[in-house]
Amino acid sequence: MQLDQDLINEIREKNDILDVVSQYVKLEKRGRNYIGLCPFHDEKTPSFSVSVDKQICHCFGCKKGGNVFQFMEQIENISFVEAVRRLGENVGVQIAQREPVVYANDNMKMIEMHELLRDYYHYVLKAIEEAEPALQYLYDRGFTDEIINREKIGYSPNISHFAHDFLEKRGFDKALAYEAGLLSRNEENFSYYDRFRDRIMFPINNAQGHTVGFSGRTYKNEEPKYLNSPETPVFQKRQLLYHLDVARKAIRQQDEVILLEGFMDVIKVTEAGLTNTIATMGTALSKEHVLQLKKLAGNVTLMFDGDTAGQKATMSVGENLLNEGISTFVVPVKKDRDPDEMINDMGKEAFLSYVMHNKLSFVSYKLKEMSKQVASNDLVFDQRLKEVTNDIARIKSPALRKKVLHEASELFKVDFDSLNFEVSKYIPQSAPQFTPGPRIVTYSKPERAERLVLKHFFKDKYLFNKMTGYITAEHFKKQEHQEIFIALTGYYESSDYFNVSQFLSFVPAHCQSDIISIDEIIINQDPSVEEIEDYIYVIRHEQEELRSLSHLKQSLSEAIAESNEAERDRLMKAIIDYNRQKKLK
């Protein structure tokens, strides 16, 4: 599909890269740029930089990034055309209807199966008489038609081959549907049948908004209450955060994630007005979840169920997050209730007010939970005091740390200054601020000349056109430099001024890091013709020397083959002299 270049430029210019990247990466201003943890690889020290001036982003670790289109392609794993379409929708610019998609790999076929079934299950919920009890159950639980349609909630009929036949008619491989978790299999005769039967179907989406699994809930008080998709290549609990595709923007705006226990709670709490809510598929928090949370926001609030299991999960997850340096808070849910039930009991407005006025730092919550223990058991008193001393030291905010110190001082009946002194011993030393930038690289004289010439060509179209009679792509030693030079020719046919964000769309992905690096070079803003000619001479002379060396080596091979010892010795001496002179330069 061919897109008009003017339309591409319009969409790129209307989408500020800081706004787009901020939906996926927690960024902090550092000088003229913004930095954060790279979304493309695991790291503890930020190396991902966003330049608002240039409208580009770049990781100095894994080298990924580019302009706003390339970022979207990489983060969402989509095509350039799809990235343009999505970003166009962001700014009210419509692109022609999508062309039929051909799914080239099994993972995408699995997602296609899930999304087709999701839509069919959703249709069936209101279309057949058998689904009426399930639909009524949802209404009784406070689900409106608007929620049901928005979440695409559906119903799987009590038929053993409903999904099986649906997928088979559309040409999908049954073995692949089994691997995707949509079908079960009889291991004796290898016949396939539906995994989900007579259940309310809740689609589970990944961070990109693609349906990758289901949670089937019974409406008849049968066991299990929830039947989830098994682990598959596209559905992995350790990586999934439910509703992240919906909540990401609100999370960025509020710099806070509200983490709930289950997806039912997320749906109802979101409907009540807390739009920055997500959930794990179970209360266990994996290292992948923690990494995602650190990149999403600076603050995480836990709002787990008010039963014993929920309280234990709050303590476990809270400790984990605190140890990872994440500012952690807790909204205590009322005893033996869950957030959904609290909304039904209190009403939306009262619930939102409760959340607003009952948000404790995790350490404050922990102090309240241990108050009865320390009052009646001196051994526990001593153990908990040491534990809390460490916990308070991990609180990042000095003001909040002081508040919690007062609470601990009162609970343990310990002098505030003495406790503060003990805590100060454990406060992590602030690491020096790090501004990501290119590593110091030593370039050979010819490569440095190539980079400087390209930088001057970036700056001046007239100079580029003038010098193309003296230098061609073949004169550049580095392959990426050759491709950049060629791309400049096409770029300057339609543009009079160099724009690095725009130019990145003209080159292959493997050239992007070189372009960003070259663009950062500080050069003489008004170079003389002689200076540019000197650089070009170095580049051309290097290539001529390489051709001469190649000719000498070829002649040497021929002399050896012909047993011409005199010619062999002469050529070997010439090659040695060449290499010696090369080292002296």
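A charge sits over a ring if NZ of Lys or CZ of Arg is within 6 Å of the ring centre and within 35 degrees of the ring normal. The model is predicted, and the tour starts with two such contacts.

Select Arg195 and Phe196. The charged end of Arg195 lies over the Phe196 ring, 5.8 Å from the centre of that ring. Next, select Lys268 and Phe143. Here the charged end of Lys268 is placed over the ring of Phe143, at 5.3 Å from its centre.

Turn now to rings that pair with rings. The count for this model is 31 aromatic pairs. For one of them, select Phe69 and Phe80: the arrangement is edge-to-face, with 5.5 Å centre to centre and 75 degrees between the planes. Phe69 belongs to helix 3 (residues 68-76) and Phe80 to helix 4 (residues 80-90), so the pair links distant parts of the chain, 11 residues apart. Colour by accessibility at this point. Phe69 has a relative accessible area of 0% and is buried, whereas Phe80, at 27%, is partly exposed.

Move to Tyr121 and Phe162. These rings are stacked, 6.2 Å centre to centre and with 20 degrees between the planes. Because Tyr121 lies in helix 5 (residues 106-127) and Phe162 in helix 8 (residues 162-169), the pair ties together parts that are 41 residues apart in sequence. Both Tyr121 and Phe162 are buried.

For the last stop, select Phe457, Phe458, Phe464, Phe476, Phe485, Tyr491, Tyr492, Phe498, Phe503 and Phe506 together. What do these residues form? They make up one aromatic cluster.

Note on methods
Residues numbered from 1 in each chain as written. Predicted model: local features only at pLDDT ≥ 70, side-chain atom pairs only at ≥ 80, totals over all residues. Heavy atoms only, no water. Phe/Tyr/Trp six-rings, centres within 6.5 Å; stacked < 30°, edge-to-face > 60°. Helix = DSSP H or I, 4+ residues; strand = E, 2+ residues; numbered from the N terminus. Buried < 20%, exposed > 50% of the residue type's maximum accessible area, 1.4 Å probe, protein only.
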